[in-house]
Amino acid sequence: MRTALAALLSVAAGLIVTSGLVSAQHENVDIEDGGRAFRSACANCHGTAGDQIAGIDLGRGRFRRVYSDPELVGIIRNGIPNTPMAATGVTEQQAVNIVGYLRSLAGSTRGPAVVGDSTRGRSIYDGKGACATCHRVNGVGSRVGPDLSAIGQNRQSAELEQSLVDPGAEVLATNRFYRVVTKEGVAVMGRLLNHDTFTVQILDSKEQLRSFVKADMREHGFVGTPMPSYFGTLDPQERADVVSYLMSLKGGSR
């Protein structure tokens, strides 16, 4: 699939990110699954940011030719005759998810690329962005939000840029927030750690582990991410700097 996707994105260049042709034919486009498929099968050739082949930047929707979503799904599945793009053998739904994932990335990163500076980005992370009030890097910061110590290994730059401007667009299952209301009317919200048929465990805003029995709750359910959008708080250069810093986090020291 690695060789196939490399050829696909050389040939299927120019995909224009418009409202979803994919979703019109497939109601259940799994963007998260598409991202996993991309990282496991495509990033070896295209890089985690999708910009390792000349003239193509997957994270920003920059290709060389225009194809419809159904055509791209067919190319991913069946390949292109007389080219290095071989059939991948993925299911139609998997191909749909990959196209949907690429569309989602490009839709969140339109506009010219801005080169970031990781040193400036760390200063913004610690200062103006106040990111450590929710996130933790190598033991420093809050546990309320996801730990970012190795975020540069697990996500690509376009995804991080999207999270800064539209944090609710794609939330991984491990980062979802949950709200419960007890029979006494006390509301508690926090990052979901675990839940089953009978109980819910969350990490609340004070970094305390809370466990609840569902039968004892007035109501409970998932809520949107509490992370704010930085679209109006940070300018494009500042956001690029923060992304550059986050991409430098590979699990070692700050």
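This is a predicted model: local features need pLDDT of at least 70, side-chain atom pairs count only at pLDDT 80 or more; totals for chains, interfaces and linings use all residues.
Start with the overall picture.

Strand β3 covers residues 177–182 and strand β4 covers residues 187–195; they pair in the antiparallel sense, with 5 bridges. Within this pairing, Val 180 sits opposite Val 188 of β4. The hairpin of β3 and β4 has 4 residues between the strands, and Gly 185 in that hairpin takes a positive phi near 90°. On to strand β5, residues 199–204: β4 pairs with β5 too, again in the antiparallel sense over 5 bridges. Here Arg 191 stands opposite Leu 203 in β5. β4 and β5 also make a hairpin, this one with 3 residues between them.

Now for the largest pocket, which holds about 720 Å³ of space. It is lined by 32 residues, and the ones closest to its centre are His 135, Pro 146, Leu 148, Asn 175 and Met 227. Sorted by class, the lining has 21 nonpolar, 8 polar and 3 charged residues. Three helices, α8 (151–154), α9 (157–165) and α10 (236–247), each put at least two residues into the lining. The largest share comes from α9, with 3 residues.

The buried set runs through Ala 158, Glu 159, Leu 160, Glu 161, Gln 162, Ser 163, Leu 164 and Val 165. In an α-helix there are 3.6 residues a turn, so residues three or four places apart point the same way.

His 135 lies in the loop that runs between α7 (118–126) and β1 (136–137). Its relative accessibility is 14%, so His 135 falls under the 20% cut-off and counts as buried. The His 135 side chain reaches the backbone oxygen of Pro 146 at 2.9 Å. Leaving aside residues up to four places away in sequence, His 135 touches Tyr 125, Val 140, Gly 141, Ser 142, Gly 145, Pro 146, Leu 148 and Met 227. Pro 146, Leu 148 and Met 227 are also among the residues closest to the pocket centre.

Finally, there is Gly 121, which sits in helix α7. Gly 121 has a relative accessible area of 0%, and therefore it is buried. In sequence, Gly 121 and Gln 237 are 116 residues apart, yet in space they are 9.5 Å apart, C-alpha to C-alpha. Again with residues up to four places away in sequence left out, Gly 121 touches Asp 241, Val 242 and Tyr 245. Helix α10, one of the helices that supply the pocket lining, spans 236–247.

Technical notes. Residues are numbered from 1 along each chain as its sequence is written. Side-chain values use heavy atoms; hydrogens and water are left out. Two strands pair if DSSP finds at least two bridges between them. On a 1 Å grid over the protein atoms alone, a cavity is a set of points where a 1.4 Å probe fits but cannot get out, and a pocket is an open set with protein on both sides within 12 Å along at least five of seven lines; lining residues have an atom within 4 Å of a point. Grid points are joined across faces, edges and corners, and a volume is the space filled by probe spheres set on the points. Ala, Val, Leu, Ile, Met, Phe, Trp, Tyr, Cys and Pro count as nonpolar, Asp, Glu, Lys and Arg as charged, and the others, Gly among them, as polar. Buried means under 20% relative accessible area, exposed over 50%, partly exposed in between (1.4 Å probe, protein chains only). A polar contact is a pair of N or O atoms within 3.5 Å; within protein, one must be able to donate a hydrogen and the other to accept it, and residues adjacent in sequence count only if both atoms are side-chain atoms. Contact means heavy atoms within 4.5 Å.
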